[in-house]
Amino acid sequence: MKKLIPFLFILFLFGSSAFVKPVAIESVSDSYWVKFQDDSGRFGYLNTKGDTMIPGGRYWPCYTDTFRAYAIVCSTSNGDFIAINKQEKVLYKVFGFDNGPDPVSEGRFRILKNGLIGFADERTGKVMIYPQYKCAFPYENGVSEVSFDCNVKPPKGDEHGTWTGGNWFYIDHAGKKAPPPEH
């Protein structure tokens, strides 16, 4: 009988698995689109089957190579850098830096709304800190230096604009005030 119990237990496990309903699992490759550039130099997005999801030329250029939850593109109507979802709804404007969208720093990039700066998550595109700062530097050593009341001097010609004056402080990745980084 002692030898029969393990045999019956194993038989039960394998027998019961025949009644488990298989679950359809979406392949990771089905959930993203890839950027393409046609012979005319126009950018767009294709799904993994090669179907055109966003035709070439609707945005110029497209900055996101692999479109998962969002993509950063350039609006053809006004030249703004914008983040869009797969229904092409504009999620927010992306802060511009050196003729392109803001580079990612510590998993965050700067976004704009009504001239104010906030931060979005690089992986999901989710707004992590709602735009509220007049000036905000990229994250470095776990903090960003921000100001509600800095002076913004617009760029002239080929020069960059500058931020001066105002009360500056540091915030952490959650947007809470933080001590200055140790150097």
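**Exercise 1.** In what order do the 10 strands of the open sheet lie?

*Solution.* Remember that this is a predicted model. Step one: read across the sheet. The order is S4-S1-S2-S3-S5-S6-S7-S10-S11-S12. Step two: check the sense of pairing. It is antiparallel. Step three: find the edges. Strand S4 (66-67) and strand S12 (127-133) each pair on one side only.

**Exercise 2.** Find how many bridges join strand S3 and strand S5, and name the partner of tyrosine 59 in S5.

*Solution.* Step one: locate the strands. S3 covers residues 52-62, and S5 covers residues 71-75. Step two: count. Two bridges link this antiparallel pair. Step three: look across from tyrosine 59. Its bridge partner in S5 is serine 75.

**Exercise 3.** Which parts of the chain does the salt bridge between glutamate 88 and arginine 58 tie together?

*Solution.* Step one: check the contact. The closest N and O atoms of glutamate 88 and arginine 58 are 2.6 Å apart. The cut-off is 4 Å, so the pair counts as a salt bridge.

**Exercise 4.** Are aspartate 102 and arginine 110 buried or exposed?

*Solution.* Step one: take the values. Aspartate 102 has a relative accessible area of 5%. Arginine 110 has 4%. Step two: apply the cut-off. Buried means under 20%, so aspartate 102 is buried, and arginine 110 is buried too. Step three: look at their contact. Aspartate 102 and arginine 110 form a salt bridge, with the closest N and O atoms 2.6 Å apart.

Definitions and conventions: Residues are numbered from 1 along each chain as its sequence is written. This is a predicted model: local features need pLDDT of at least 70, side-chain atom pairs count only at pLDDT 80 or more; totals for chains, interfaces and linings use all residues. Side-chain values use heavy atoms; hydrogens and water are left out. Two strands pair if DSSP finds at least two bridges between them. Helices (H or I, at least four residues) and strands (E, at least two) are DSSP runs, numbered from the N terminus. A salt bridge is a side-chain nitrogen of Lys or Arg within 4 Å of a carboxyl oxygen of Asp or Glu. Buried means under 20% relative accessible area, exposed over 50%, partly exposed in between (1.4 Å probe, protein chains only).
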